[in-house]
Amino acid sequence: MDPYVNNDLKDVQKAVSEFCEHEFDQEGLHKLEDEHRYPRELYGKIGELGIIGVGFSEDIGGSGFGALGHVIAVTELCRSLPGMGMALSLGYIPGFVVDIYGNAEQREKYVRPMIEGRYISAISVTEPDSGSDLSSLKTRMEDRADHFVVNGSKVFTTNAGYADFYTLLARDQDRQTVTIFDKELIDGNPPGCFEINDLGRKMGINTTTSGELVFSDFRIPKDNVLGQRGKGLRMVLDGFELGRIVIAAQAFGSMLYGYEKVVAYAKKRTQFGRPIIQFQSVEHNLVDMYVEIEKCRNILYKAAWLYDRKDPESKKYSSMVKLAVPESAIRLLNTTIDILGGYGYMRDQGLEGALRDVRITSIYEGTGNIQKNSIAKMIF
Ligand SMILES: Cc1cc2nc3c(=O)[nH]c(=O)nc-3n(C[C@H](O)[C@H](O)[C@H](O)COP(=O)(O)OP(=O)(O)OC[C@H]3O[C@@H](n4cnc5c(N)ncnc54)[C@H](O)[C@@H]3O)c2cc1C
């Protein structure tokens with residue numbers, strides 16, 4: 001009996017799991033990784049099937065299951081194949097802030113097609129000299145009558161190059177403001193005003209890009225301001241409150257993937273005349289994993305449940321799960337490799353890839369240290 005997941009959400013879980021079983025395959029993922037190519041076709045399919053929309057509200061084409069819905073869907077995607085599930089969910093996690101703060105027109109223009117799997121989102125916050133300390137960012141926007149002129153650069157923007165719209169946080173006088181720009185606006189600016197440089201291959205999630213964005217007198221109309229001018233940092237952090245819970249779900253799903261694989265392997269692999277699961281050291285490791293998974297499941301579902309109720313505890317739980325679940329997932333996946341021995345180190349087993357993919361969950365949208373700073377502020 002699970003106090004958080006009702007029958008409707010169980011149906012969602014089942015539908016996502018069946019979709020992944022038919023559509024995900026490890027060789028396909030490896031091919032995309034080698035070619036450094038986003039699974040755009042699958043993204044379209046999860047949009048069409050309503051998987052992206054599970055957590056979004058009904059007024060914009062979603063199913064209205066809220067944060068818990070996002071958690072269930074993303075967990076299943078990553079449980080099936082972490083690299084694929086993470087990449088697909090990264091197509092829409094950056095769009096949360098537009099969904100939360102966009103006006104009706106902006107949500108129709110960007111969020112609806114994103115939910116339908118037609119648009120991929122991106123968020124550009126981090127700069128070369130401003131990562132954890134976002135308040136120090138330097139990219140500036142100058143006010144010119146009906147538009148802004150943007151100068152500066154951003155790094156590590158996920159989906160840079162193939163995203164259909166970007167959410168940009170920049171310095172607007174002494175405050176920060178969020179604007180949205182899309183391909184049409186990029187094409188409408190004179191050549192040389194905007195440049196994207198792919199930062200190349202990284203430890204994991206190699207079907208996604210991490211890009212540098214360079215703005216040189218790039219013009220953004222004032223109508224593209226998201227929410228309230230000057231309140232940008234607060235708005236981004238509000239988007240991160242949900243984003244951090246969903247990133248924890250990426251890590252949680254990846255844990256389940258590792259656990260299920262390693263249990264099946266330990267039952268089958270024989271050494272010294274018996275299945276290795278019969279060695280107590282292996283069995284105890286698996287029990288530790290089981291207990292860790294249940295701890296993570298409970299805190300993760302609770303965080304989503306609090307978020308959906310706009311509970312004052314939600315912010316703290318969002319940081320707590322973003323801190324705890326990735327740490328557990330990294331540890332657990334590392335141990336699965338030990339249990340598979342030499343085979344665990346090989347690419348075709350999928351575990352070394354899962355460990356490399358999941359490693360980023362403890363870094364993006366705030367490192368573990370940053371989560372601890374936030375939690376400390378709230379509890380002391
Ligand atoms: C694959 C990938 C995808 C990403 N996607 C995006 C994206 O789509 N959009 C975007 O804007 N950004 C993105 N990022 C950037 C990511 O959010 C930042 O890398 C992250 O927030 C950390 O910033 P930093 O790398 O500048 O590290 P720094 O801020 O320089 O931190 C370095 C170290 O110092 C520690 N530290 C810093 N300040 C403190 C403090 N006050 N107290 C204690 N410890 C501290 C950190 O915990 C860390 O260990 C992505 C990064 C990667 C690698």
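Into which domains is the protein divided? Please then look closely at the contact between domain 1 and domain 3: how many residues does it take from each?

Analyst: This is a predicted model, in which local features need pLDDT of at least 70 and side-chain atom pairs count only at pLDDT 80 or more, while totals for chains, interfaces and linings use all residues. Residues are numbered from 1 along each chain as its sequence is written, and side-chain values use heavy atoms, with hydrogens and water left out.

The protein is divided into domain 1 (7-115), domain 2 (121-230) and domain 3 (233-379); these bounds come from an automatic or database domain assignment. The C-alpha centres of domain 1 and domain 3 are 19 Å apart. Their contact (heavy atoms within 4.5 Å) involves 28 residues of domain 1 and 33 residues of domain 3.

Between them, domain 1 and domain 3 bury about 2,500 Å², and 68% of that is on carbon and sulfur atoms. Buried area here is the accessible area, found with a 1.4 Å probe, that two parts lose on being put together, summed over both. On the domain 1 side, the residues that lose the most area to domain 3 are R79, M86 and Y101, which together make up 22% of what that side buries.

Three salt bridges cross the interface of domain 1 and domain 3, a salt bridge being a side-chain nitrogen of Lys or Arg within 4 Å of a carboxyl oxygen of Asp or Glu. D34 and R347 meet in a salt bridge through their side chains, with 3.0 Å from N to O. Eleven residue pairs, both residues at pLDDT 80 or more, are in polar contact between domain 1 and domain 3. A polar contact is a pair of N or O atoms within 3.5 Å; within protein, one must be able to donate a hydrogen and the other to accept it, and residues adjacent in sequence count only if both atoms are side-chain atoms.

Which helices form the domain 1 side? Helix 2 (26-35), helix 4 (66-80), helix 5 (82-89) and helix 6 (96-101) each give at least two residues to the side of domain 1 that touches domain 3. Helices (H or I, at least four residues) and strands (E, at least two) are DSSP runs, numbered from the N terminus. Helix 4 provides the largest share of that side, eleven residues. Sorted by class, the side of domain 1 that touches domain 3 consists of 16 nonpolar, nine polar and three charged residues. In this sorting, Ala, Val, Leu, Ile, Met, Phe, Trp, Tyr, Cys and Pro count as nonpolar, Asp, Glu, Lys and Arg as charged, and the others, Gly among them, as polar.

In helix 4 lies H70, which is buried, with a relative accessible area of 3%. Buried means under 20% relative accessible area, exposed over 50% and partly exposed in between (1.4 Å probe, protein chains only). Leaving out residues up to four places away in sequence, H70 touches I52, V54, G55, F56, Y92, F96, L242 and V246.

Why is helix 5 described as largely enclosed by the rest of the structure? Eight of its eight residues are buried, so helix 5 is largely enclosed. The buried residues of helix 5 are P82, G83, M84, G85, M86, A87, L88 and S89. They pack against helix 2, helix 3 (40-48), helix 4, helix 9 (232-268) and helix 12 (351-358).

Although K316 is a lysine, the residue is buried, with a relative accessible area of 17%. Apart from its neighbours within four places in sequence, K316 is in contact with I375, M378 and I379. The loop between helix 10 (280-308) and helix 11 holds K310, which counts as exposed because its relative accessibility is 74%. The phi of K310 is near 50°, a positive value in a residue other than glycine. In helix 10, E292 and K295 are three residues apart, about one turn of the helix, and their side chains meet in a salt bridge (3.4 Å, N to O). E292 is buried, at 17% relative accessible area.

For context, a search of the whole structure finds 30 salt bridges. As noted, three of the salt bridges found lie across the interface of domain 1 and domain 3.
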